[in-house]
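Reader: I am new to reading protein structures. Could you walk me through this one, a feature at a time?
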Amino acid sequence: MKRFAAIASVIITALIACTDFSGKQRGPQNFERPPELEMQESFRSEYYDGSRKVWEAHASNARLFQERRLTELRHVRIRLFNGSNVSARVEAGMANLHAADNSIELISNVVLISTNGTRLYSHRILWDNRRGKMTSTNIVSIVHRNGDWIRGTGMEADMDLSHVVIKHEVDQGHSYGAIR
């Protein structure tokens, strides 16, 4: 019985010592709140600048975080517009739509195909809506319809890939046969 009383007093002392009586609730420091809305099928979003459509996004899955003003998309297809015409199509494994500045961060297996047949491949690309430019600090490969290609690290380009600047060119060449 004395042994039980000793063990019980140790447990009670430990519980009191570990209890915060200040009234403050503490949780994990890196706790991420769950999304306010989650769609498991067929998400669609559009962005307009006045009456001019800038982009249209389709995804298989979407998670909306209102407090962070962020929408996370999975299995993404995006069409970029120049006036009323589609200037490029984009596919990516994931995208983040930032409502604060209407930018789009494309992540994982990003492929952009412009209407002139130029293709851009990268792991991560950011569409900066304020500047009207795409940027990347990752490795990028650009393949033109005629077979010319260039690869490098870091890039800035306009929406239709007509003006592309590779920051650190690594390699370039020509493949045989046109790219379709």
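Author: Let us start with a hairpin: strands β8 and β9 form one, with four residues between them. In that turn, Gly147 has a positive phi of about 105 degrees. Please keep in mind that this is a predicted model.

Reader: How many bridges join β8 to β9, and do the strands run parallel or antiparallel?

Author: Strand β8 covers residues 133-143 and strand β9 covers residues 148-157; eight bridges join them, and they run antiparallel.

Reader: Which strand does β9 meet through nine bridges?

Author: That is β10, residues 164-174, which runs antiparallel to β9. Here you can trace Gly152 to its bridge partner in β10, Glu169. β9 and β10 also make a hairpin, with six residues between the strands, and Leu161 takes a positive phi near 60 degrees there.

Reader: Now the inside, please. Which residues of the largest nonpolar core touch the most other members?

Author: First the general idea: in soluble globular proteins, nonpolar side chains tend to be buried together. In this model the largest nonpolar core has 32 residues, and Trp55, Leu73, Ile78 and Leu106 touch the most other members. Elements that give two or more residues to this core include β2 (43-49), β3 (52-65) and β4 (70-82), as well as β8 and β9.

Reader: What does Trp55 touch, if we skip residues up to four places away in sequence?

Author: Among its contacts are Ser45, Glu46, Tyr47, Ile78, Leu80, Phe81 and Ile104.

Reader: Tyr47 is also aromatic. How do I read a pair of rings?

Author: A pair of aromatic rings is described by the distance of the centres and the angle of the planes. A search of the whole structure finds one aromatic pair. Tyr47 and Trp55 form it, and the pair is stacked, with 6.0 Å centre to centre and 25 degrees between the planes. Both Tyr47 and Trp55 are buried.

Reader: What sits over the ring of Phe65?

Author: There you will find the charged end of Arg68, 4.7 Å from the centre of the Phe65 ring.

Reader: And charged side chains with each other? How many salt bridges are there?

Author: Side chains of opposite charge can pair when their charged atoms come close. The count for this model comes to eleven salt bridges. One of them joins Arg151 and Asp171, at 3.3 Å from N to O. This pair links distant parts of the chain, with Arg151 in strand β9 and Asp171 in strand β10, 20 residues apart. Arg151 is partly exposed at 32% relative accessibility, and Asp171 is partly exposed at 31%.

Reader: Is Lys53 buried or exposed?

Author: Lys53 has a relative accessible area of 16%, and buried means under 20%, so Lys53 counts as buried.

Reader: Could we finish with one more salt bridge?

Author: Of course. Look at Asp128 and Arg131, whose closest N and O atoms are 3.9 Å apart. Arg131 is partly exposed, at 47% relative accessibility.

Technical notes: Residues numbered from 1 in each chain as written. Predicted model: local features only at pLDDT ≥ 70, side-chain atom pairs only at ≥ 80, totals over all residues. Heavy atoms only, no water. Pairing = 2+ DSSP bridges. Core = buried A, V, L, I, M, F, W, Y, C linked by side-chain atoms within 4.5 Å. Buried < 20%, exposed > 50% of the residue type's maximum accessible area, 1.4 Å probe, protein only. Contact = heavy atoms within 4.5 Å. Salt bridge = Lys/Arg side-chain N within 4 Å of Asp/Glu carboxyl O. Phe/Tyr/Trp six-rings, centres within 6.5 Å; stacked < 30°, edge-to-face > 60°. Lys NZ or Arg CZ within 6 Å of the ring centre and 35° of its normal.
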